Amino acid sequence: MESIPHTSEAPTASAGVVTPEPAVTRGRRWLTPPPGSRARLQLDLQRRAQYNLRRHVLRAAFRFAVLVLADIGSFGVMRALIRAVRDEAVLGGWIAQRLSEALPAGILNGWQYAAALFVALLVLGCYGAGDRRRDAHRLFAASALATALPLWMTIWTRGLDVVLLQYAVTTSLVWLGLLSERWTVDRVVDWVRPPERTAARTLFVGRAEDCAAVAGTPAFRDPREFASVGFVDLRVPPSPESRGHLVELARVLHESRAETVVVCGQPSDMQLEDVARAALATGCQLLELPRGVDIAGVEPGIVWRRGQPLVTLTAPTLKGWQLVVKRAVDLVGAVIGLAVAAPIMGIVAIAVRLDSPGPVLFRQERLGQGGRRFKITKFRTMVLDADRKQGELRSRSLYHDGRLFKVPDDPRITAVGRWLRRSSLDELPQLVNVLLGEMSLVGPRPPLPSEVELYEAHHYARFDVKPGITGPWQVGGRNDIVDFEEVVRMETAYIRGWSLWADVAILLSTIPAVFRMRGAH
């Protein structure tokens, strides 16, 4: 087991013995039991608790103050830029006129909007710890709420159409400004305050291998958030790499000056109670990685029942209104896509017919949501009987994995087919599959039945939603990702964090990929 690095600034003392402190500290008289006694250690921990609580409060206050000041500054810069473009026409008269129509002078009072933005960010937790302060979806919701508050009364005086335009433009500009600002704040804080000054001193508690696994997760790898001071072992005898056994936790907490305690693995109820009592008595933040987080296809959550919290483990799939919204977007997108692409599809069909003998369209059996079999439709890009020649080419596949297959310079591909694949225009007929409800605009890649025969249990998470014409793997560099497990991870993360904006982002990312001819080889 790879040891967990830690920094120790413990006072020089033998095990269980703490260097005496003077009886009078900062003008106040302290009770001073004999050094090394349990009473002395308990008092030291209580004094450490006051220090830890002050550290947590100061860290939260610093984060809050920096973010509020940065938000005010960001809003001021955006207002100045809008005024420069709109009122001073620094980008030209035409742009100034268009912006004046969308955002006329005086439509949003500066202090009024700033107050609304502060309230929205505060209500949605964008000043809290963790990832919330930089979460794009949460920041967009805050921008939308802040814009809606002052514009609500304007609907009755200026009309819905005008206000909707102002709402969309303002929300988008503020959201982009917040994203840029939060990213910049993180970089500046890292430069001004090095990680060793801001990171919480973190002690892991559990078996050696469990602590190493948890310390290596993304949540604890960021040196700006947590600085490991080692681990306490639950086994007897404890690992030589540990700082001691659980019975010595109080001493280790004092010597390591830990501010955060992380429970690793599956300790017993009695062990967890001992850890919680010691950590909370010392004012430490107590964290535990929920079970199921690292299980592919399983998403943890918290639900309260009769005043008691329960951890729910569910499949990361779309539910309820999300399915309705996604299907509505698919229908509208497919209809518009077919209408717009009809002339292009006609030209492509003629090119395919003239290029090589065979049908214009290629249909192949794939597996969709719930393992449902359906026929995917594409423009034909290969010669006839190409499937029968696949076995001869499998050794040349980019992926070296039977669950994925792609051959560079595939000799079966026709001249027109090669161009269609690079431009992804061969996928356009799949809009019909979307209309029929067999596919979605965005989703996982639909596999072949022969590929699914090689799947392991957790790979079936891909079948929780409909397959897509495009998806996270396609826009994330499908020709550069050769690990099937990475493909499944990307698609599972997409399903778990689905939102309408995520689909829009993937669709928008697909457009430049098509124009840059970054489709399949």
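**Reading surface, cores and a cavity**

The chain exposes about 28100 Å², with carbon and sulfur atoms supplying 63% of that area. This is a predicted model.

Visitor: What share of the residues counts as buried, and how many helices and strands are there?

Guide: Of the 521 residues in the chain, 42% count as buried. The secondary structure consists of 19 helices and 12 strands. For contacts with a separation of 6 or more, 67% join residues 24 or more positions apart.

Visitor: How should I read a nonpolar core, and which residues have the most contacts inside the largest one?

Guide: Start from the general idea: in soluble globular proteins, nonpolar side chains tend to be buried together. Here the largest nonpolar core has 18 residues, and those with the most contacts inside it are Y113, L117, L121, A146, V174 and L178. Two or more residues come from each of α1 (38-86), α3 (110-123), α4 (136-151) and α6 (160-192). Take A146 as an example: leaving aside neighbours within four places in sequence, A146 touches Y113, A116, L117 and A120. There is also a second, separate core of 16 residues, including L203, V229, V232 and L246.

Visitor: And empty space? How many cavities of 30 Å³ or more does the count give?

Guide: Rolling a probe the size of a water molecule over the atoms shows where empty space is left. In this model the count comes to one cavity of 30 Å³ or more, and the largest cavity has a volume of about 30 Å³.

Visitor: Which residues line the largest cavity?

Guide: The lining is made of L367, G368, P444, R445, P446, P447, R462, F463 and P467. By class, that gives six nonpolar, one polar and two charged residues.

Conventions: Residues numbered from 1 in each chain as written. Predicted model: local features only at pLDDT ≥ 70, side-chain atom pairs only at ≥ 80, totals over all residues. Heavy atoms only, no water. 1 Å grid on protein atoms, 1.4 Å probe; cavity = no way out; pocket = protein on both sides within 12 Å on 5 of 7 lines; lining within 4 Å. Points joined across faces, edges and corners; volume = space filled by probe spheres on them. Nonpolar A, V, L, I, M, F, W, Y, C, P; charged D, E, K, R; others polar. Helix = DSSP H or I, 4+ residues; strand = E, 2+ residues; numbered from the N terminus. Buried < 20%, exposed > 50% of the residue type's maximum accessible area, 1.4 Å probe, protein only. Contact = heavy atoms within 4.5 Å. Areas by Shrake-Rupley, 256 points an atom, 1.4 Å probe, with all protein chains shown as cover. Core = buried A, V, L, I, M, F, W, Y, C linked by side-chain atoms within 4.5 Å.
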